[in-house]
Amino acid sequence: IISYLQQPAKAARMQCVVCHAPEDYRLETRPIPEIGDDEVLVKILAVGICAGDAKCFAGAPYFWGSPDHPRYVQPPVIPGHEFIGEVVKIGQMAEKKYQLCVGDHAVAEQIIPCWDCHFCKRGKYNMCTVHDVCGFHQASQGAMATYMRYPANSIVHKVPKSIPAWKAVFVEPLACSIHAIELGDIQFSDTVVISGCGPLGLGMVTAAKLKNPKLLIALDLFDWKLDIAKKCGADVILNATKVNVVEEVQKLTGGFGCDVYVEATGHPLSVKQGLLMMVKQGRFVEYSVFGKETSVDWTIISDAKELTIRGGHLSPLCYPKAISLLENNQLPMEDIITHQLPLTDVVKGINLVNKSSESIKVVLIP
């Protein structure tokens with residue numbers, strides 16, 4: 001195993017955040033992870049706080065369980081699935097597999113596939129039955145720590161050092177945005193609406209613009225976020241607190257509605273307005289984690305409009321494109337990364353994400 005991590009055994013501990021329960025995240029010390037010959041140890045340079053992390057902190061049923069859904073989180077666990085690390089120790093098998101060496105910057109995809117289940121064997125590794133997503137399961141400890149182990153089954157990508165760490169941490173959410181846009185099957189003649197201009201939504205605007213639709217519309221509740229959506233490529237921006245966005249989209253499309261609606265807010269009202277503003281036989285992409293159940297009249301999906309509804313999860317095969325977009329400075333990252341905080345301010349960062357009015361992407365620097 002190749003390493004430059006030289007520390008006496010008694011000092012081989014690291015600072016980390018540990019999730020114990022909703023609203024119970026503690027700063028602790030743990031042993032620096034040991035690695036095998038097919039694994040990688042990185043020093044975490046930056047870690048992002050996802051809306052999913054914030055909703056997990058707040059106790060969302062998707063994470064902590066409900067009568068209809070088993071608990072997903074396995075506490076006590078180190079959170080964090082958006083990250084960039086510097087390789088400090090690497091096994092010989094991992095070095096050959098990933099073409100990495102000590103000192104390289106690298107990111108592992110947020111899910112560690114089992115490679116043996118029904119979905120993994122069919123290439124749909126984002127749907128892996130075991131579903132070890134970093135920061136939620138015991139087998140996949142996350143990045144809110146000084147060091148992190150990339151386990152043997154990880155999908156690891158080298159990241160150019162020309163991308164600063166505070167930007168490179170955006171690889172994961174941008175890859176998710178790209179996957180959502182791919183699910184929308186955007187055509188040149190389409191009118192596309194992106195609902196929500198948070199980190200995912202702004203990435204979706206950027207990715208959708210590359211598809212060259214006829215018209216690209218961004219929706220949000222805050223003008224300052226919509227201004228950033230313009231920089232990402234939106235043709236039209238609409239503030240849902242100031243105008244009736246359903247009526248405005250209808251006006252912009254000759255009364256027909258949008259062809260593709262991508263929901264990136266996780267709010268029930270955004271789901272309802274999307275269904276109302278869509279053209280018949282339109283395509284609705286849902287890419288959010290919801291804090292509560294959402295109800296709509298499904299007649300609009302079937303009898304009224306014959307809509308196609310597609311859910312999006314994680315970012316299969318999308319990391320290389322996300323890295324390329326960041327390397328080529330195709331997003332206004334200085335506007336998107338609104339906060340850089342020390343790891344000790346994790347709860348402050350989570351509260352900023354949950355509040356959302358004052359932040360877009362909040363990054364922690366261990």
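Predicted model: local features only at pLDDT ≥ 70, side-chain atom pairs only at ≥ 80, totals over all residues.
**Reading a parallel sheet and a buried histidine**

Reader: How many bridges join strand β12 (residues 215–220) to β13?

Author: Four, and the two strands run parallel. Strands here are DSSP runs of E, at least two residues long, numbered from the N terminus, and two of them pair if DSSP finds at least two bridges between them. Residues are numbered from 1 along each chain as its sequence is written, and side-chain values use heavy atoms, leaving out hydrogens and water.

Reader: What is the strand order of the open sheet?

Author: Its six strands follow the order β13-β12-β11-β14-β15-β16, with parallel pairing. β13 (236–239) and β16 (308–311) are the edges; each has a single partner strand, so one side of each lacks a neighbour in the sheet. On average, neighbouring strands are turned by 20° against each other, direction ignored.

Reader: Which strands does helix α8 touch?

Author: Helix α8 (residues 245–252) packs on β11 (191–195), β12, β13 and β14 (258–263), and its direction makes about 155° with that of β13. Contact means heavy atoms within 4.5 Å; angles run from 0 to 180 degrees between N-to-C directions of axes fitted to C-alpha atoms, for helices over the stretch in contact.

Reader: Is H157 buried or exposed?

Author: Buried (under 20% relative accessible area, with a 1.4 Å probe and protein chains only), because its value is 14%. H157 lies in strand β10 (residues 156–159) and touches, among others, H105, E109 and Y319.

Key. Buried < 20%, exposed > 50% of the residue type's maximum accessible area, 1.4 Å probe, protein only. Lists of a residue's contacts leave out its neighbours within four places in sequence.
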